[in-house]
Amino acid sequence: MSVDIRLASSRPAGADLYHGDNPGNIVTPGDIITADTGFMRGHGTYMEDDCLHASVAGTVERVNKLISVKPLKTRYNGEIGDVVIGRIRELAQKRWKVETHSRMDSVLMLSSVNLPGGELRRRSEEDEKMMRHYLKEGDLISAEVQNVMSDGCLSLHTRSLKYGKLGQGCLVCVSPSLVLRRKTHFHNLPIGASIILGNNGYIWISPTAQDKSEESGGYETNLQPVPKSDREVIARLRNCVLALADCKMLLFDTCILYAYEASLKYAVKDLLKPEVAVEVVDLVRQRLELEGS
Amino acid sequence: MADADLSEAEKTFILHSVQDNFREDGRGNEDFRHLEVETGLISNTNGSARVRLANTDVLVGVKVQLTAVDPEKPEVGRLEFFIDCSANATPAFEGRGGEELGSEISAMLTRAYSCPSAVDFHSLCVLPGQQCWLLYIDVLVLECGGNLFDAVSIAVKAALFNLKIPNVTMTKDEGGVELDLSDDPFDFKRLNVSGAPVIVTVNKIGHKHVVDASEKEEECTLARIMLGVTEKGSITAMRKEGSGSLDSDSISEMMEVCKSS
């Protein structure tokens, strides 16, 4: 039984966390981007006194004549093809409303999900009434963005076997800007856990599914108790991800694996302490720089 | 935040992990999360403290005022609590949503501190029978990340520890006694808070109980007991919440856990 209380003044103040090169194009709200009037204004900018100012804190992006500022801390802005993890908020006519940490709830149409049993047929009235049997409020799903509607609302689909309802595991919420778009977001780590990096900042850590043959179409959740060794791995991964997110490191599978390996010498709950987290992230950063060069 | 409701699978996961004494973030059932305390932040109060317990962020300010004494208790000073659950903390606190929780917490704190040995109330008395100190303790909940009661009580204790009560000089006048508050910032006295109680919340998840539950774990609790415990181990207040039933064995077990933490 341990209660760890410490004074805020003993926190390492303003530790020099960023060792890399300064990209040089980070702006804060109010900064002048350019005084040249030949550019078109994009998102995150406004015009004042013939100068282009930034209205959010972020990086400046320039595409030909269009200047925009991409904010660092923002709600998730969906693109077609992104993998997201969402929670079912409510059931509506022929669709589910899914919360994905974006500005509006996303929509999952009944016609965009795989029916249990894998059958292909038109969705009928019966299916509408059975919607709650498939997915009910509070369930977590992994899905892909099919379409972005004109008001910014995302339309999701789970038309592949790798998407669907998520079973037992742990959800970690980080900022969406820390998850890059990659070729694959589903990783089966060699240490016995799988991790899904949602582009919307939701990261799902779960034990690796033992058998891959699921005829049920992914709607039946396995409620068997997860063995303790798997649970330790999941807890350690969760703490590593939170440590990386706190230090604003970009998240991808290699960096999470390095963090896991660097953290093995500490007990899992020690990773919750800030100085241990900073040390682990420093080791990861050094290793990544070594590999990069 | 997506932690508002959990899926069945997540709840089962948390239930099993509590039974194994290995929670979601690796803590045991009786481990607290990392806690950070800061005092003396707000300059226009007499005492202040801020406590950060993982996501939970609580700010407390204490101000003192001379008032007339309560006729039933002419020798002691008084404490008054006010909790403001700001809408910043959780979306649920928007508008008047936080008032209910705020009044619950203040009732619990009042009960916990009503024990005479909690704080040396006699030292708060300036003029026996006439004037005493009234401490206004204001709590602002900045962020709610689970285990609010514990964080609030720790912050209150820290703020009281930080409290500087200005010294009073009494001059006898023809009409009565005149009280002069010292303006000197270094002329003050401190309050002895070694007996001040701290609230410990024990949540029952499944058949086991946990201390310092995170938001997700709080979603899975059936019932919880909050105890105000002093350093010596004596219990000053107790409160049960939730619709689950507890049998007497588990209650006494939980009380023991509270006392030792």
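Predicted model: local features only at pLDDT ≥ 70, side-chain atom pairs only at ≥ 80, totals over all residues.
1. Chain B contains five helices and 14 strands. Of its 261 residues, 53% count as buried. Where contacts in chain B join residues at least 6 apart in sequence, 66% of them link residues at least 24 apart.

2. For chain B, an unreviewed UniProt entry records the feature "domain: Exoribonuclease phosphorolytic" at residues 31-166 and 196-257. The span of residues 31-166 of chain B is 24% helix and 38% strand, and its end C-alpha atoms are 39 Å apart.

3. In chain A, helix H5 covers residues 274-292. Its 19 residues, at 1.5 Å a residue, should span 27 Å, and the distance of 27 Å between its end C-alpha atoms therefore agrees with expectation. The buried residues in H5(A) are Val276(A), Ala277(A), Val280(A), Val281(A), Val284(A) and Arg285(A). The cover over these buried residues includes helix H3 (228-246) and helix H4 (253-263) of chain A.

4. Strand S9 (residues 83-92) of chain A pairs with strand S10 (residues 95-99) of chain A in the antiparallel sense through five bridges, and Ile88(A) is placed opposite Val98(A) in S10(A). Two residues lie between S9(A) and S10(A) in this hairpin; in the turn, Lys94(A) has a positive phi of about 60°.

5. S10(A) also runs antiparallel to strand S11 (residues 106-113) of chain A, joined by four bridges. Here Lys97(A) stands opposite Val107(A) in S11(A). The hairpin of S10(A) and S11(A) has six residues between the strands, and His101(A) adopts a positive phi near 60°.

6. Chain A also holds an open sheet of four strands in the order S15-S18-S17-S16, paired antiparallel. Strand S15 (170-173) and strand S16 (186-189) of chain A are at the edges; each has a single partner strand, so one side of each lacks a neighbour in the sheet. On average, neighbouring strands of this sheet are turned by 20° against each other, direction ignored.

7. Within that sheet, S16(A) and strand S17 (residues 193-197) of chain A make an antiparallel pair over four bridges. His187(A) is found opposite Ile195(A) in S17(A).

Note on methods. Residues numbered from 1 in each chain as written. Chains lettered and ligands numbered in written order. Heavy atoms only, no water. Expected span 1.5 Å × (residues − 1). Buried < 20%, exposed > 50% of the residue type's maximum accessible area, 1.4 Å probe, protein only. Contact = heavy atoms within 4.5 Å. Pairing = 2+ DSSP bridges. UniProt positions renumbered as here; feature names shortened; annotations may be inferred. Axes fitted to C-alpha atoms, helices over the stretch in contact; angles between N-to-C directions.
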